[in-house]
Amino acid sequence: FPPAVFPLSCAVQSYSWGKVGLESEVAKLLASSDPLVQIQPDRPYAELWMGAHPRGDAVIRDNRIPQKTLGQWIADNPACLGAKVRDAFQGHLPFLFKVLSVNTALSIQAHPNKELAAKLHVQFPEHYPDANHKPEMAIALTPFEGLCGFRPVEEIVSFLQTVPELRVLIGEVAAEQLERSGSDDPRGVSAALRVCFTRLMKSEKKFFVDQLNMLVKRISQEAAEGKDTSGSNGDLLLRLHSQYPGDIGCFTIYFLNLVRLEPGEAMFLGANEPHAYLHGDCVECMACSDNTVRAGLTPKFIDVLTLCEMLNYTPAPSSSKIFPAAQSQLDPSVYLYDPPVPDFAIMRIEIPPSIKLYLVSAVDSASILLVIQGTAMGTSTAAASEMTLRRGSVLFISANESISLHLSSPDGMLLFRACCLL
């Protein structure tokens, strides 16, 4: 039998928003997994792609395997996915696992559901390259910040009253409609919110740049005088404006929740949920798709009309955006993040220092294992030889295969494992 468990060497993406050099968690993981890697101090190390995506297919680190990449290997050995996964996802690995190191904000974006994705792909294939949905989940590795989902209406109304530049852009009629919308009529609230946000996003460039400059000037003066600018979300405004001057996305901070995650906390981004990662390091898992509808904080193609049409305009507090992990009943070291989509799930595995032999149990799905902390020797009946696991190591595990870890680090291990639990 060919080996069915093997190490991977994964693709790095150097997007401009990434943390540079060894400030980046991606770079640190690369450097510790492979001492021969030269980390360039001025290069952004934004994303590590662990999977079989055609634009970043992982390379197999096992010379007994004739296939060079994970994508080729899965195509030749589709049974490795597990029968259910293979049949449900037409012989493809249904997820892409990543590490992200975010220094400056990513674009204000949302991902379409399957129905809209299919439509956009037919109409604009150059911007929407496939017909799949793209739900994603981020789990913080370091303190992590992002914008996610619409704020409670009271918070937005409060900003409309303390930030005159915002009110001017939205217009008096729309602002009053939101102020009058009552919590007893959620559809009325969503409709008013849609009008306000669409008015903002579709305002004329010259008009909104003038208002943004006025706002930034006013907040900067207030901050210089030592005044409290939190009622205008001043700190975040100045930060985003310094990163993307003159960008309409700066105003979205008055509509979207600021979500702060501590390490191990997660947020799930379903279809049509507006979001933008702002800063920090995380592991992320997503369905295999490149469909992103953008509308600000970006130099890329923006599609304001599609975004404003598709969004989920349900207000909710930022605390509701934190997605809980469930500790496994069978293995207290495992915490499962199981989102409401079939494409992927993530396990956080925290092995305490007292355990020196740990079994990474078999699941009925191909999975990808990432080591964040600790060292071990890994053995498996499905591996060609024993494997050294250290910080930054990535392993592919075929369905229904397990690995025994012989821990050598004094302070336990932290692993993340992406799989598909149908």
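Predicted model: local features only at pLDDT ≥ 70, side-chain atom pairs only at ≥ 80, totals over all residues.
Residues are numbered from 1 along each chain as its sequence is written, and side-chain values use heavy atoms, with hydrogens and water left out.

**Overall build**

- The protein chain has 11 helices and 23 strands (DSSP runs numbered from the N terminus: H or I with at least four residues for helices, E with at least two for strands).
- Its radius of gyration is 23 Å, close to the 22 Å from the globule rule for 422 residues, so the chain is as compact as a globular protein of that length (the radius is taken over C-alpha atoms, and the rule is 2.2 Å times the number of residues to the power 0.38).
- Along the principal axes, the C-alpha atoms fill a box of roughly 70 × 45 × 40 Å.
- Of the 422 residues, 57% count as buried (under 20% relative accessible area, with exposed meaning over 50% and partly exposed in between; 1.4 Å probe, protein chains only).
- Looking at contacts with a separation of 6 or more, 76% come from residues 24 or more positions apart (contact means heavy atoms within 4.5 Å).

**The eight-stranded sheet**

- Eight strands make an open sheet with antiparallel pairing, in the order S4-S1-S21-S18-S23-S16-S15-S14 (two strands pair if DSSP finds at least two bridges between them).
- Strand S4 (59-60) and S14 sit at the edges with a single partner strand each, so one side of each has no neighbour in the sheet.
- S14 (residues 326-327) and S15 (residues 334-337) pair antiparallel over two bridges, forming a hairpin with six residues between them; Ala326 stands opposite Leu336 in S15.
- S15 also pairs with S16 (residues 345-351), antiparallel and over four bridges, and there Val334 has Ile349 in S16 as its bridge partner.
- S18 (residues 367-373) and S23 (residues 413-419) are antiparallel too, over five bridges, with Ile368 opposite Ala418 in S23.

**Aromatic rings**

- The whole structure holds 11 aromatic pairs (rings of Phe, Tyr and Trp, using the six-membered ring of Trp, with centres within 6.5 Å; planes under 30 degrees apart are stacked, over 60 edge-to-face, the rest tilted).
- One of them is Trp73 with Phe396: the ring centres are 5.8 Å apart and the planes at 70 degrees, so the pair is edge-to-face.
- Trp73 lies in helix H2 (residues 70-76) and Phe396 in strand S21 (residues 394-397), so this pair ties together parts 323 residues apart in sequence. Both Trp73 and Phe396 are buried.
- Phe197 and Tyr313 have ring centres 6.4 Å apart and planes at 65 degrees, so they are edge-to-face.
- Phe197 is in helix H8 (residues 186-201) and Tyr313 in the loop between helix H11 (304-310) and strand S13 (322-323), 116 residues apart.

**Charges over rings**

- The charged end of Lys300 sits over the ring of Tyr15, 5.7 Å from its centre (the cut-offs are NZ of Lys or CZ of Arg within 6 Å of the ring centre and within 35 degrees of the ring normal).
- Arg348 lies over the face of Tyr335, at 4.3 Å from the ring centre.
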